[in-house]
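Reader: I have just opened this structure and would like to understand the words used for it. Could you walk me through them?

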Amino acid sequence: MDALSLYDLNVLVRRSLEQCLPDTYWIQAELSDVRTNSTGHCYLEFVQKDARSNSLIAKARGTIWSNVFRLLKPYFEEATGQAFVSGIKVLVQVTVSFHELYGYSLTVQDIDPTYTLGDMARRRKEILKQLEEEGVLLLNKELDIPRLPQRVAVISSSTAAGYGDFCHQLKNNPGGFYFYTELFPALMQGDRVEESVLAALDKINSRLESFDVVVIIRGGGATSDLSGFDTYLLAAACAQFPLPVITGIGHERDDTVLDSVAHTRVKTPTAAAEFLIGCMNDAAEELEMLAGRLYGGVRELLAQEHRKLVSYRNRIPSAAYRYISDAKFALLTVSKDIVQAATSSLSRHHHRLELLQQRLTDVLPEKQLARGYSITLKNGRIVKNVSSLNEGDEITTRLYQGELISTVTNKSSKNT
């Protein structure tokens, strides 16, 4: 029995494939494990998954040589706005080859961007449909933009040119309106866009009372880096965010999923700033209009009241004016008489009080003692009758100047 070496078998396989599959073939597949080396060649895997279970059912190694890749990549990304990365579905033209050492592989010759565009559109449509079924698609759009959206949480790259343009536009607005902006840095390109923007939204959500709106802006990046804004998780988070979300991602093609769920979508960071300035202008114009209406209303009301007063005055006859004048004069006369009468009465009573005070002064004990009278006391009590005394009692006689202490030796009840 003759045996083949592995190499001989692989040669046989290569020759058989070259004979059976000599042409190029268009295949539909999903990119996986896309990488390039220093020489500019691109190495990747093509995979196919089961539509129901999402399990892997086919896989093939692929190669795009540098002379093809340097033309194919920018062509694809410009046409689709999608980076040439793992996870996207493509329609590529390949040749089938087999190498004795490296095995079976597909060599890419061309690509059809319209297929990827259709798949991307289908995915966006599916995400939007899912959000609609969950009842959250229009939640952010239904929020009211604050009348004065001055406190702005900005999600952007700190080094993005668009972020600088946005801040400059707000700071130098012709109306002189004040805006407070705070940057929440995030990646605006690459495969970590979703993760980074979601983290920034979480930080803003913890400080909702500090902001009026959220602005997500991107400027200066490649159009091919927009795929990160077409994810379900990011769209769902923005759709349900409690503050209005304004997007200015900076592209001309169809809206991303994020644009579709945001409260307001503009094309560029500068346009986002103009939108906020416009809101402030609208509020200022309305305030000016209300102030004018208030001023006019007050003037009209005062004019109406003045006309009423003139009308009331004209209805009062002249006799009534004379009656009022006479009554006013009589009231002034009576008021004067009352004042004079009250003054006279107070004067009389004051004089009487002075006389009573003088009388009280005259009868004070000190005055009587000064005239030569004395007061006799027994045990601190005034003695008014001799019968209240007994022989041997000690009595005190108070004079105008000084006191005498005596002992009763004899008493007489005769009245002198």
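Reader: What makes the second largest pocket a pocket, and how much space lies in it?

Author: About 260 Å³ of space lies there, in a predicted model. On a 1 Å grid over the protein atoms alone, a cavity is a set of points where a 1.4 Å probe fits but cannot get out, whereas a pocket is an open set with protein on both sides within 12 Å along at least five of seven lines. Grid points are joined across faces, edges and corners, and the volume is the space filled by probe spheres set on the points.

Reader: Which residues line the second largest pocket?

Author: Lining residues have an atom within 4 Å of a point, and 13 residues line this pocket. Nearest its centre lie E30, Q48, K49, D50 and K89. Two or more lining residues come from each of β1 (24–36) and β2 (42–49); strands (E, at least two residues) and helices (H or I, at least four) are DSSP runs, numbered from the N terminus.

Reader: How does the lining of the second largest pocket divide by class?

Author: Four residues are nonpolar, four polar and five charged. Ala, Val, Leu, Ile, Met, Phe, Trp, Tyr, Cys and Pro count as nonpolar, Asp, Glu, Lys and Arg as charged, and the others, Gly among them, as polar.

Reader: Why is the largest pocket said to lie between domain 1 and domain 2?

Author: Domain 1 (4–116) and domain 2 (134–279) both give residues to its lining, so the largest pocket lies between them. The domain bounds come from an automatic or database domain assignment. This pocket holds about 560 Å³ of space. Its lining has 24 residues, with R123, S227, G228, D230 and T231 closest to the centre. The largest share of that lining, six residues, comes from α3.

Reader: How do you know that β6 and β8 pair?

Author: Two strands pair if DSSP finds at least two bridges between them. Four bridges join β6 (residues 151–156) to β8 (residues 213–217), so by that definition they pair, and they run parallel. One of the residues involved is A153, whose bridge partner in β8 is V214. Both strands belong to an open sheet of five, in the order β7-β6-β8-β9-β10.

Reader: What makes β7 and β10 edge strands?

Author: Each of β7 (180–185) and β10 (264–265) pairs on one side only.

Reader: What should I know about the numbering and the cut-offs?

Author: Residues are numbered from 1 along each chain as its sequence is written, and side-chain values use heavy atoms, leaving out hydrogens and water. In this predicted model, local features need pLDDT of at least 70 and side-chain atom pairs count only at pLDDT 80 or more, while totals for chains, interfaces and linings use all residues.
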